[in-house]
Amino acid sequence: MTDQAVGAGDRPPVAVAGALPPDGTAPAGGGLVGRARELAGLRADIRRAGLDTLAGRSPLRSRVLLIAGGPGSGRTALAEEFARQISADYPDGVLRARLSTPGGEREPTERVARELLEEIGGGAPPGADEDELTGAVRTALAGRRLLILDDAADPGQVDALIPDAPESLVLVTARGPLTGIPDVRPCTLGGLDAQAALELLIRYAGPTRIACDPRAAESLVERCAARPAALLLVGGVLAARPEASVAGLARQLRELAEEEAAAPGGDDPRLAVAFRLAYEELPPAVARTLRLLVRAPGGVADAHTAAALAGCSLATASAALRDLAARGMLRSEPGSAASPCYRLPGCLAPYLRALHQAEETPTEARLARARLLERTVWRLRSCRAAAEPPGSPARERVADLPRALRFSSAPQAAAWLDSRLPTLLSTARAAVRDGTLDTQARRLVTALARALMAHRGEQGAAAQLYPLHELVLAVAERRGLPLEQAAALVNLGDLDAGAGRAGAARHRYRAALDAARAGGDARLTARVLEALGDTYQELGDWLRAADWYGRALQLWLSRGEVPHQARLYAALATARGEAGDWDEALRHRRAAAACHRRMDDLPGLAGALSETAETQQRAGRPEDALRSWEEALSCARRAGDLRLQAAALFQSADALESLGDPAAARRRRATAEALLAGRPLTAQGTRGGAPRR
């Protein structure tokens with residue numbers, strides 16, 4: 001649950017204990033309403049000596065403060081206001097993480113840790129497990145940082161993320177106590193005091209209406225049990241209906257409360273009644289938009305999300321979101337002023353889910369999800385295209401899209417991708433979990449992966465690509481698509497290998513091999529066989545590496561694909577050489593060189609001959625090595641590649657020195673240096689030495 005600030009019509013946005021202003025600061029015209037006692041208590045808790053200090057020990061971890069309260073009590077807003085007040089004491093920054101979904105489900109600690117590392121900027125190893133990720137978070141949070149953990153589902157979530165830094169502070173919001181975490185005293189929230197509750201109503205309804213009927217205003221507060229979320233909803237109704245009397249609204253609340261079916265679902269009858277009153281005041285189109293927002297991934301929506309779900313224009317969706325925020329039914333996300341983004345309060349989610357189920361048919365709900373996925377795919381394609389050069393195919397494909405779906409520059413697209421990444425990942429996970437729109441889900445995952453690689457590069461996006469490939473794998477397994485399954489497993493194996501987990505990579509590649517063979521794709525099978533060889537080479541098991549390379553080579557030979565044959569012959573030569581089988585290594589080196597001759601690839605041939613010479617040198621055949629380097633030098637000259645020529649000269653100089661001709665070696669090095677420096681060569685400098693016998 002999140003309780004954050006809203007504006008009411010043309011009044012200034014109200015920051016209450018249950019409302020965070022859009023920019024995270026106190027608005028003009030007032031800060032947090034009420035909670036002065038709780039704020040003072042939290043400050044005193046920071047100054048209080050901890051158990052470690054009282055026992056004469058140095059504290060090893062950060063102090064943990066807890067704000068406990070039920071949905072709608074304003075715990076998130078109090079945490080944000082307290083963080084604003086003390087932020088100067090934590091110059092290394094304030095970080096935030098939500099530990100529960102709007103529906104109340106526990107967020108996996110691994111996912112929370114990844115998002116924190118992403119926010120810090122340190123990144124996370126792709127495919128890392130929970131212990132590795134939480135350890136990285138605790139290390140990265142060293143210094144004077146303030147960490148806000150919102151809506152903790154259980155103490156284990158919090159304990160895993162507490163930094164090993166006594167000078168930092170962890171501020172947690174939860175429904176109840178954090179049993180098992182020592183030295184934590186909860187700041188428990190109830191309703192607002194009467195004066196603060198009336199002040200909140202005044203900010204929405206204006207002072208005149210409240211002053212004209214103070215008893216009715218007190219009755220409203222009593223009907224809402226002074227709960228911030230309920231008061232926000234009632235205040236939103238007063239703001240939207242300037243002609244309505246406070247007494248009339250109090251009478252409506254009383255009548256609704258007397259009905260047995262006051263509101264669907266929920267665990268707070270006062271909030272349920274306030275929600276029903278506010279919901280029935282909404283225009284039909286706005287009410288439907290609100291119902292459909294329960295389908296917004298992570299409970300976060302911008303105008304594009306709302307337009308896709310409701311099937312309306314962007315302008316209509318934007319106006320609906322502003323109206324809902326003004327009525328206290330949505331909370332403005334901090335830092336989203338340029339592209340307004342809103343969060344559905346968790347305390348309202350049960351009522352909206354019940355309304356969605358009752359009033360939207362399965363067909364309409366599925367169509368809304370399909371529209372959302374389709375619009376997100378095109379936004380991601382536009383995001384990727386913005387990183388491409390003008391005139392590229394990617395840009396041409398999105399050129400005819402409406403302007404609202406396109407990005408004007410690469411920085412704008414990258415900023416959108418960074419700010420929306422948690423929501424985009426949540427969209428992809430929800431689409432795959434749903435299982436009814438797998439084709440669109442696969443397109444979404446592919447578009448997100450390509451956008452990430454376009455803006456961050458493959459290495460920079462590795463941590464985010466790993467879960468995306470896992471989603472592709474889940475869909476492929478569910479749909480019985482062996483080739484897509486194999487491709488996803490190969491991608492995961494590559495990321496495991498890049499992160500140094502050779503054992504995990506090997507298991508991925510083995511599974512990929514079975515899937516590729518089941519799909520009858522010889523090229524993919526050869527690719528997997530080669531990857532297995534690379535994995536065993538990384539593990540230093542040269543004989544097994546050579547075995548897998550040999551199997552891959554047989555497939556490329558059967559298909560007559562010479563470039564792949566050249567690469568595999570070279571890999572086999574390396575593996576055989578490291579295993580000490582120099583005759584086999586040299587045979588494969590010559591075969592690789594022969595492949596480059598067949599392709600008329602002079603630079604490749606020069607490189608293959610140089611590798612042959614190196615193998616001969618390591619095998620104790622310096623005279624043969626010198627002849628191979630001479631041939632490599634000749635190929636490099638014919639190719640006109642100065643760097644290849646210089647490399648061959650430097651390497652052959654080493655061979656000449658080992659054969660006892662240092663003068664010739666010096667001439668070759670001088671010639672190589674002249675080539676690299678662009679100086680003209682002397683006749684003497686181009687002559688090589690002959691091996692002495």
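Start with helix 1 and helix 3: helix 1 passes helix 3 in a right-handed crossing (right-handed means that the near helix is turned clockwise from the far one by less than a right angle, left-handed anticlockwise). Helices here are DSSP runs of H or I with at least four residues, and strands are runs of E with at least two, numbered from the N terminus. The model is predicted, so local features need pLDDT of at least 70 and side-chain atom pairs pLDDT 80 or more, while totals for chains, interfaces and linings use all residues. Residues are numbered from 1 along each chain as its sequence is written, and side-chain values use heavy atoms, with hydrogens and water left out.

**Helices 1 and 3**

Select residues 36-47 for helix 1 and residues 75-86 for helix 3; their axes come within 11 Å and cross at roughly 55°. Axes are lines fitted to C-alpha atoms, for helices over the stretch in contact, and angles run from 0 to 180 degrees between N-to-C directions. That angle makes helix 1 oblique to helix 3 (under 35 degrees is roughly parallel, over 145 roughly antiparallel, 65 to 115 roughly perpendicular, the rest oblique). Now show Glu38, Leu39, Leu42, Arg43 and Ile46 in helix 1, which meet Leu78, Glu81, Phe82, Gln85 and Ile86 in helix 3; contact means heavy atoms within 4.5 Å.

**The salt bridge at Asp154**

Next, select Asp154 and Arg106, whose side chains meet in a salt bridge at 2.5 Å, N to O (a side-chain nitrogen of Lys or Arg within 4 Å of a carboxyl oxygen of Asp or Glu). Asp154 is in the loop between strand 3 (146-152) and helix 6 (155-161), and Arg106 is in the loop between strand 2 (94-98) and helix 4 (109-120), 48 residues apart. By this rule the count comes to 44 salt bridges.

Move to the open sheet of three strands, with order 6-8-7 and antiparallel pairing; two strands pair if DSSP finds at least two bridges between them. Strand 6 (300-302) and strand 7 (331-332) are at the edges, each with a single partner strand, so one side of each has no neighbour in the sheet. Strand 6 pairs with strand 8 (residues 341-343) over three bridges. Within strand 8, pick Tyr342, which stands opposite Ala301.

**Helices 28 and 29**

Last, select residues 602-618 (helix 28) and residues 622-639 (helix 29), whose axes come within 8 Å and cross at roughly 165°. The two are therefore roughly antiparallel, and their crossing is left-handed. Among the residues in contact are Leu605 and Leu609 in helix 28, and Trp629 and Cys635 in helix 29.
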